[in-house]
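I opened the notebook to go through one chain step by step. The entries below follow the order in which I looked things up.

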Amino acid sequence: CLQAAVVMRHPAVSRQRELRQAQAIAATSLMRVHHPAYQLADALLAIGIPREDVGTVADAGGVSVVRVQPSGAFTQVTAMDATTPDVEGDAVAGDAMGQRVAISNTDSTVVTSAATVRLAVGEPGKDTATVKDAGAVHVFRPLDPAIGTADKLLTRGSGLPGTATARDYTGMALTAGSTNLYVGVPYSKASGTTKGVLYVQP
């Protein structure tokens, strides 16, 4: 899995401004595919579009997944935003869905399939019921015909350890391997993690 779109930090830049700057960058993640229907060297490329407007909702964001062949030819496998049927949550201005993406095959010993591929999507501007800009990570099965049927929305205190606080921006730092999902919360304000925290999720 290849994670791109690194944002440099400067002490004079506020966290809110840093988030807006990061939202302007389309995040990508690449995964090699092994499947009888694909050539061995094909890949799945996840593309985050955090500044995408969804209808009249500004910067709600979205994600596309494409199959890329060695020739450079590509076809879209799926695309989603918060209004996609059955996707958990609603499209809200500033959610920045797709600011970070990580696509991975969770079992490299078998043929790549809908059962083994997972896509993690950062939504750092996501509010919880009580906390603004707490952030979230959305996990999908991107090869499923209906991508919203088995998705999971993870926030601190619900799927992730810790307690959500305002402007945590959970989801602005993540990557994945074949076994674990790694979620960084550099702006954590909860007691004991004020210098940031990394969660490792199986």
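Which residue in S12 is the bridge partner of Leu174? I looked it up and found Val183.

Entry 1, ground rules. I note that this is a predicted model, in which local features need pLDDT of at least 70, side-chain atom pairs count only at pLDDT 80 or more, and totals for chains, interfaces and linings use all residues. Residues are numbered from 1 along each chain as its sequence is written, and side-chain values use heavy atoms, with hydrogens and water left out.

I listed 1 helix and 13 strands; helices (H or I, at least four residues) and strands (E, at least two) are DSSP runs, numbered from the N terminus. Along the sequence the pattern reads β-α-β-β-β-β-β-β-β-β-β-β-β-β. The chain has 202 residues, and 46% of them count as buried. Buried means under 20% relative accessible area, exposed means over 50%, and partly exposed lies in between (1.4 Å probe, protein chains only). I also looked up the accessible surface, which comes to about 9,700 Å², with 55% of it belonging to carbon and sulfur atoms. Those areas come from the Shrake-Rupley method with a 1.4 Å probe; for residues, only the protein chains shown count as cover.

Entry 3, the sheet around S12. I found an open sheet of 3 strands in the order S11-S12-S13, with antiparallel pairing. S11 and S13 are the edge strands, each pairing on one side only. On average, neighbouring strands of this sheet are turned by 15° against each other, direction ignored. For such angles, axes are lines fitted to C-alpha atoms, for helices over the stretch in contact, and angles run from 0 to 180 degrees between N-to-C directions. Two strands pair if DSSP finds at least two bridges between them. S11 (residues 173–176) and S12 are joined by 4 bridges, and a hairpin connects S11 to S12 through 4 residues. I picked out Tyr182, whose bridge partner in S13 is Val200, and Val185, whose partner in S13 is Val197.

How many of the 5 residues of S12 are buried? I found 4 in this strand (residues 181–185), which is mostly covered.

Side chains of opposite charge can pair when their charged atoms come close. The rule asks for a side-chain nitrogen of Lys or Arg within 4 Å of a carboxyl oxygen of Asp or Glu, and the count comes to 7. I looked at Arg141 and Asp144 and found a salt bridge at 2.8 Å, N to O. Arg141 is partly exposed at 23% relative accessible area, whereas Asp144 counts as buried at 12%.

Arg156 is in strand S9 (residues 152–156) and Asp168 in the loop between S10 (159–160) and S11, 12 residues apart. Both Arg156 and Asp168 are buried. Asp168 also forms a salt bridge with Lys189, with 3.8 Å between the closest N and O atoms. Lys189 lies in the loop between S12 and S13, so this pair ties together parts that are 21 residues apart in sequence. I noted a relative accessible area of 0% for Asp168, and 31% for Lys189, which is partly exposed.
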